[in-house]
Amino acid sequence: MGALADESMFAWFGKRIKSKDSTSVFLLAPLAAFELVFFVVPFLILVRMSLNSQPETGFYETGWTLAAYGDILGSNLYQQMILFSFKLGVIATVVAVVLALFYAYAAYRAEGLTKSILLFSIILPLLTTLVVKTYAWRPLLAPNGVLNDFLLSLELIGSRIQFAPSLFGTVVGQVYIVFPYAVLAIYSVLSTLDWDVVEAARDLGASRPRSFFEVVLPEVLPGVAVATVVSFAWSVGAYAAPSQLGTGSQTTFAMEIGNLMLTNFNWPVGAAFAILMLAAMLAASLAVIRLLTGSIGGVQDV
Amino acid sequence: MASVTLADLTKEYGDLTAVDGLDLDVDDGELLCLLGPSGCGKSTTLRMLGGLETPTDGDVYIGDERVTDEPPYERDTSMVFQSWALFPHKSVLENVAFGLKMDGVDEAERNERARDVLEVVEMSEFVDADPEDLSGGQKQRVALARSLAIEPDVLLLDEPLSNLDKRLREQMQLELRNIHDEVETTFVHVTHDQNEAFTLADSIAIMNDGDVEQVGEPREVYDDPVSLFVEEFLGDTNLVDARVQSHIDGGVVAATEFDEEIEVPTPGGHVEAGDPLTISFRPEELDVSRVAADGGQSADPAEAGDVTTALEGTVTDVLYRGSSVRFYVQIGETSVFFEQSVGDKTDFEVDDSVVVSWDPEDLLVFSEGERLGRGGT
């Protein structure tokens, strides 16, 4: 009897899953539950927190006010931080995407072992934690570090240069973090490119650079859009690279939110800051996609 | 328009030799088909001609100019690819105008010229279409128009019809012929399909193993193959192994897989007793009749002792192939086939005894892959 009951239960479940109209609901259910518990609910808590009053002592005082938002938008210091965050985002994104485009193209054109090595060396850094690999840049870029020793021994520089902590170090660290993702986004689209098309362009009189811009670039634009959005969103919200490879003037809003939450115990302002930046980055990302693919949904055409 | 000369052309990929010391001349305005099985190096040859591959050795001349080291964009050749390779982000018109754009022709003129070429290939109504929305045949026309638009000296076609279904392919073969007559450009067309080569070509170059086996007009190549490879590749035929027994006037007597000795003409060919031969009995040269019930056959087998031009056999299989019927006849240890059109009066059935006869002059005899007495008959 028990076995029969079980069987009918499974059969019932199986029918539900198989019937067309509810298939997607069942498949999406675990993901939806996960999103609800770990993303939607915390986000709502964050929104609620941003509307609380700032405390004299403790983390927050319950209330309904937009004071936290006003404080952020009115603060000269915070404006500087936001400006710097976006500046770092733009620089790191441009550098990472341009380098990734060349790297992905090289990997696409390479064959056999070279191709495997190029692709594997892109995956390899992803196996190390972000903090460790960012920290690893410090002995390389520091004034008494490896890069300075090397350049001095070649007599390319006269005195030691502080590559890190500095803006340079921050950009290097941040590019290093997002580079693999940018390469993979571009490579995945590029790998669908029919090489005959490029040969056809050259055959019809397009030089090598010309054939790249006329044929390859339009084809990989969706991949470039994804790479740009991923790099930009991550770099604007950078935390690890500026905190380990930057100076005090390379403070991003993400670092400041960390301070507000964990050191200054000003949760309403921290929460409001997070929500403002989230909205700003969402708008910026949509604008990038729109710019590169001509439509918001364009990336799905990949 | 220009002639093409390939001199001692060689292409190696590591240990693999794709093209091996190939020499070939294509006349100005000629439509030459490079015909051969997969992997014989015909596409590689075409790509070296277009500059998409660099030869390991040897030279490519277009007209009188040596272009061996010129990149594809410096050559006046244009390739139609097997995959057609249309630019996916450009309209049909932009695709066709692309080559002119690269040549620096201004927009108004290049669009006009592109429209003219699209008219030639009957694609005028698809000027603004996205190539991805076109059918295979339409893509093929656009690819052809794109290559014709730059008015190349030599048009290279890399099996562009192989992705089309049979009916469309045959239609496009005729159209390609007409377009060739219209534009008077030198065409080099690669294909593995004998029928396509025979339909299209002014001249056929049969390739095997990285080199040209034979070049000539379709009729000439078919009637007078230089080697066993060409004979086998150009069409279905009956190949029978034999061994030389003795010499007679103008030929030899050979023991065959038919278990009978037959007379084989070998003009100009030197063979010794005991040498192996391969004899091609083309199905269209075989004459087949039923053994009469009273045994009063005119072409009685074995009537001239052990040497004969007619043998008796048994029909083993009858295959209906649409408009024709193919019959297999077992003779001795081997079997031969011949074909009849559906509707021909003489129908044979399985287990019928038949007499297969031939004119010895129609036999093609090969020794060690080479044709014996070529041109002698």
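Colleague: In which helix of chain A does V37(A) lie?

Modeller: V37(A) is part of helix α2 of chain A, residues 20-50; helices are DSSP runs of H or I with at least four residues, numbered from the N terminus. Please note that this is a predicted model, in which local features need pLDDT of at least 70 and side-chain atom pairs count only at pLDDT 80 or more, while totals for chains, interfaces and linings use all residues. Residues are numbered from 1 along each chain as its sequence is written, chains are lettered from A in the order in which they are written, and side-chain values use heavy atoms, without hydrogens and water.

Colleague: Turning to the interface, how many residues of chain A are in contact with chain B?

Modeller: 18 residues of chain A contact 23 residues of chain B, where contact means heavy atoms within 4.5 Å.

Colleague: Which three residues of chain A supply 38% of the area that it buries against chain B?

Modeller: They are E199(A), D203(A) and L204(A); buried area is the accessible area (1.4 Å probe) lost on putting two parts together, summed over both. Between them, chain A and chain B bury about 1800 Å², 59% of it on carbon and sulfur atoms.

Colleague: And how many salt bridges are there between chain A and chain B?

Modeller: The count is three, a salt bridge being a Lys or Arg side-chain nitrogen within 4 Å of an Asp or Glu carboxyl oxygen. One of the salt bridges joins the side chains of E199(A) and R47(B), at 2.6 Å from N to O.

Colleague: Which helix gives the largest share of the side of chain A that touches chain B?

Modeller: That is α10(A), with seven residues.

Terms used. Helix = DSSP H or I, 4+ residues; strand = E, 2+ residues; numbered from the N terminus.
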